[in-house]
Amino acid sequence: MSYLDNILFAILLIIGFGYFFISIKKIKRNINLGIEVDRNDNPGARWKNMAMIAMGQSKMVKRPIAGALHVVVYLGFIIINIELLEIIIDGLFGTHRVFAFLGSSYDFLIGSFEILAVLVLVAVVVFWIRRNVIKLRRFAMGDLKGFPKNDANYILYFEVVLMTLFLLMDASDLHLQNVPGGFSHFIKAGSFPISQFIEPIFNGMSNELVMLLFEVFWWLHIVGILVFMNYLYFSKHLHILLAFPNTYFADLNPLGQFDNLEAVSNEVKMMMDPNADPFAAAPATEGDVPSKFGASDIQDLNWVQLLNAYTCTECGRCTSACPANITGKKLSPRKIMMDTRDRMEEVGKNIDANKGVFIPDNKTLLNDYITAEELWACTSCNACVEECPVNISPLSIIMDMRRYLVMEQSAAPMPLNAMMTNIENNGAPWQYSQQDRLNWKNEN
């Protein structure tokens with residue numbers, strides 16, 4: 001490469017990585033719109049979660065076919081990043097296969113990359129067939145339409161192009177390495193178990209033409225990687241990056257254990273204290289009384305819930321396991337996460353348009369995105385949380401929004417309102433006098 005090429009490559013990297021970090025900064029800003037919550041306890045268990053679930057794909061492989069294919073694509077993503085390091089160094093300094101000094105280890109790496117590239121192509125074809133030919137139910141549901149539906153296919157096409165360019169680049173490189181007497185700066189390095197079968201297509205071409213094709217493949221490959229990297233911000237495939245912090249900061253409490261509102265807990269404790277003045281207010285503590293009970297918009301959710309929304313893979317495992325959805329109810333846990341992310345993006349764009357300040361837009365996550373009907377259809381069984389391959393909890397958002405409906409709007413369904421009234425008046429969910437509560441023991 002000439003010095004002009006090196007300079008152009010450096011400018012391309014600055015633009016590509018610069019835009020990427022601007023996007024990451026926006027994501028961080030949007031996540032920080034949520035309420036602060038401490039998730040720094042038990043770091044040992046958190047690191048284990050991240051290693052097993054995000055890196056080890058332990059929840060993905062519960063479904064063997066999809067899991068195995070996903071592992072292949074995941075490894076393909078990793079090899080692209082390792083290969084990217086060498087491409088960056090070669091592009092900046094005009095070298096050729098700068099890591100070739102590793103000798104047989106380098107040969108093993110390049111050979112492994114090529115085999116994985118072919119496996120990725122096979123996996124991508126299978127994924128495309130599952131989505132577009134077989135049309136698995138979770139990929140054909142009504143909540144997955146428009147861009148979210150097409151986005152998965154766009155990524156598959158990206159993968160095909162990137163892996164094909166990688167193999168063509170290696171094949172043309174191999175051809176130039178084998179030119180008698182050497183050619184330009186190409187040195188013999190690497191093992192090419194796959195591209196050696198592609199290399200013959202360059203036979204009969206002039207070395208200069210093959211060199212030109214190599215440079216075309218090389219530039220398209222690196223540009224493709226940078227475009228893919230910046231596309232992640234708009235795609236469900238942002239989970240490639242966010243799965244790691246998401247699994248680390250996931251709730252470690254047993255499934256089904258809900259958090260209590262401190263203000264309500266203090267009231268109940270005072271009511272149960274026989275020595276307490278029944279007319280006294282509960283003692284105030286720092287942050288005791290929230291401005292709002294529950295959540296109606298993203299600012300009422302905590303930052304981990306917002307991180308969950310950005311991490312959602314839209315795979316639909318949660319919805320396919322949801323008993324409410326299976327029985328025809330409107331609820332889709334996947335839609336809950338997608339709606340939360342969409343509202344978060346809307347609020348973020350509002351802030352960007354108003355110089356860092358959110359101007360109320362007369363919209364909320366509740367009602368404008370998620371309906372009360374969806375929320376009350378949930379059985380709180382935790383099936384969605386158990387199924388999610390990256391430890392997302394749609395249920396936590398559902399429960400916080402239900403809490404808002406009950407405590408702020410008194411908008412629970414009639415049977416629930418009747419039950420809560422009975423508990424308040426009778427000390428039990430059923431409508432009978434407290435004096436009759438023990439009558440059952442006299443029955444024969």
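User: How many cavities of 30 Å³ or more does the structure hold?

Analyst: Five. This is a predicted model, where local features need pLDDT of at least 70, side-chain atom pairs count only at pLDDT 80 or more, and totals for chains, interfaces and linings use all residues. Residues are numbered from 1 along each chain as its sequence is written, and side-chain values use heavy atoms, with hydrogens and water left out.

User: What makes something a cavity and not a pocket?

Analyst: On a 1 Å grid over the protein atoms alone, a cavity is a set of points where a 1.4 Å probe fits but cannot get out, while a pocket is an open set with protein on both sides within 12 Å along at least five of seven lines. Grid points are joined across faces, edges and corners, and the volume is the space filled by probe spheres set on them. The largest cavity comes to about 610 Å³. It has 31 lining residues, and H70, F127, K236, H237 and H239 are the closest to its centre. To count as lining, a residue needs an atom within 4 Å of a point.

User: Which element gives the largest share of that lining?

Analyst: That's α3, with five residues. Helices here are DSSP runs (H or I, at least four residues), strands are E runs of at least two, and both are numbered from the N terminus.

User: And what about the second largest cavity?

Analyst: Its volume is about 280 Å³. D90, H96, D173, F214 and W218 lie nearest its centre, out of 21 lining residues. Helix α6 gives the most to this lining, five residues.

User: Why is D170 called buried?

Analyst: Buried means under 20% relative accessible area (exposed is over 50%, partly exposed in between; 1.4 Å probe, protein chains only). D170 has 1% relative accessibility, so D170 counts as buried. You'll find D170 in helix α5.

User: What makes the link between D170 and R97 a polar contact?

Analyst: The rule asks for a pair of N or O atoms within 3.5 Å; within protein, one must be able to donate a hydrogen and the other to accept it, and residues adjacent in sequence count only if both atoms are side-chain atoms. The side chains of D170 and R97 are joined at 2.9 Å, and that is a polar contact.

User: Is S296 buried or exposed?

Analyst: Buried, because its relative accessibility is 5%. S296 sits in the loop between α8 and α9. Not counting residues up to four places away in sequence, S296 touches T364, L365, L366 and Y404, where contact means heavy atoms within 4.5 Å.
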